[in-house]
Amino acid sequence: MSTSLESPREKLSSGRCARPMVHANDVPLLVKNLFGLTTVSVKEMSSYDDRNFCIKTDSEINNPYITELCPHGYVFKILNSQDSQNEKIVVAQNQMMLFLHSHGFNVPKPERNVHGTHWILQKIYISTNGFVENNVDEQQSVEYIVRLLTFIPGKTFYQITGTAELYYETGVYTAKIDNALKGFHNEALKSRKFLWFLENVPAISSMLYVVKDEKFKMMIQEILESWNSSVIPVLKNLEKGVIHGDFNDQNIIVNATTDDPTTYHVDGLIDFGDIGYSYYVLELAITISYNMIEVKTMSPIDVGGYTLAGYQTQGKISEAEFNILKECVAARIAQSLVIGAYSYEKEQENKYLVATAVKGWDVLNTFWNTPKEEILSCWRKIAKNYKH
């Protein structure tokens, strides 16, 4: 997902849609011209504000920079027009994926195009109905950054039923990624301004008009007040580093074991659009928050304990971090619900924008109204006693 820290109202009311207006039928020619590959199938994938297409190609390669085809296919990614203006962050995303891939993590690997680069700013012509059209004047063209990423096979965590073991594994994987990224450095990420960074949650106060239920609106205001009073004074003393920033159930890839096709394990991670330089406790909070929203087999609050148990196998969190974890989890769910509702109001055909809302409001309401001491006690007990 991608939104800058500029006012979302200003961004979306400008009359120009940031999401690329590209149809699946346009993809084969773009792939052939930019990457030297012949597409045999195209399927559009869910995306917050980019266009992602899962493609399969035949065996012919007309690109000196691709020597071996990915057997699982590729994701042809066209970045939204706003993020396409931030080349340094795209470079950072590519570098991070290549770094993690080289360290054995199952993440997408950017491929080089026919010009030898991992991305290209491509002019795409837009017709009056919003799709690519030949023979239109240059004034109707838009430039988008285009990339080709190796496809990571498997199911998303969203597609299966979570278990205590899987929630534990998401915690392990989150911490492993964060620990590995301590060896990754990119100066552009330290100055990145981004609405979806959890530390920027106060920005949703300008969007609360989209929350129609007054009870929920008051709850969001309480969460923001708690953030200001309990979290902000503590954050400045906590450990920071480069993080993925979006460990949600649609970005975590799981696969079944060969001996038991009904048992899944965390196997990979996708979508590096939200990477940044931030606090590690916020990365953990993001993982817990999305795990809580879709749980079917236990109390959403219990999920936090299993996630925490896994995370702490790779490194302990401090008491200061633990003591603000409830507020951070609540803030992330609130952030996702409010920004999703705001964006959906402007683009109602994109159901992905409100995926969190189906269960999110009820989960947040129950979670926020449960005493903090009860939640932290539950998490401590589960994290201490869970046996992997």
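Residues are numbered from 1 along each chain as its sequence is written, and side-chain values use heavy atoms, with hydrogens and water left out. Because the model is predicted, local features need pLDDT of at least 70 and side-chain atom pairs count only at pLDDT 80 or more, while totals for chains, interfaces and linings use all residues.

Let's start with the inside. A nonpolar core here is a set of buried Ala, Val, Leu, Ile, Met, Phe, Trp, Tyr and Cys residues joined through side-chain atoms within 4.5 Å; buried means under 20% relative accessible area, exposed over 50%, and partly exposed in between, using a 1.4 Å probe and protein chains only. The largest such core holds 99 residues, and Leu-100, Leu-325 and Trp-379 have the most contacts inside it. Helix α10 (residues 325-346) is the top contributor to this core, giving 11 residues. (Helices are DSSP runs of H or I with at least four residues, strands are runs of E with at least two, and both are numbered from the N terminus.) Apart from this core lies another one of 20 residues, including Val-22, Val-27, Leu-34 and Ile-78.

Leu-325 sits in helix α10 and is buried, at a relative accessible area of 0%. Its contacts (heavy atoms within 4.5 Å), leaving aside neighbours within four places in sequence, are Val-281, Leu-284, Ala-285, Ile-288, Leu-308, Ile-317 and Trp-379. Ala-285 is 40 residues away from Leu-325 along the chain, yet their C-alpha atoms are separated by 6.4 Å.

Next up, a helix pair. Helix α4 (residues 164-180) packs with helix α7 (residues 280-294) at an angle of about 155 degrees, their axes being 10 Å apart. Axes are lines fitted to C-alpha atoms, for helices over the stretch in contact, and angles run from 0 to 180 degrees between N-to-C directions. Angles under 35 degrees count as roughly parallel, over 145 as roughly antiparallel, 65 to 115 as roughly perpendicular and the rest as oblique, so α4 and α7 are roughly antiparallel. On the α4 side, Tyr-167, Thr-170, Thr-174 and Asp-178 meet Tyr-280, Glu-283, Thr-287 and Asn-291 of α7.

Finally, Asn-113 lies in the loop between α3 (87-102) and β4 (120-125). Asn-113 counts as buried because its relative accessibility is 0%. Not counting residues up to four places away in sequence, Asn-113 touches Leu-34, Phe-35, Asn-63, Tyr-65, Trp-119 and Ile-120.
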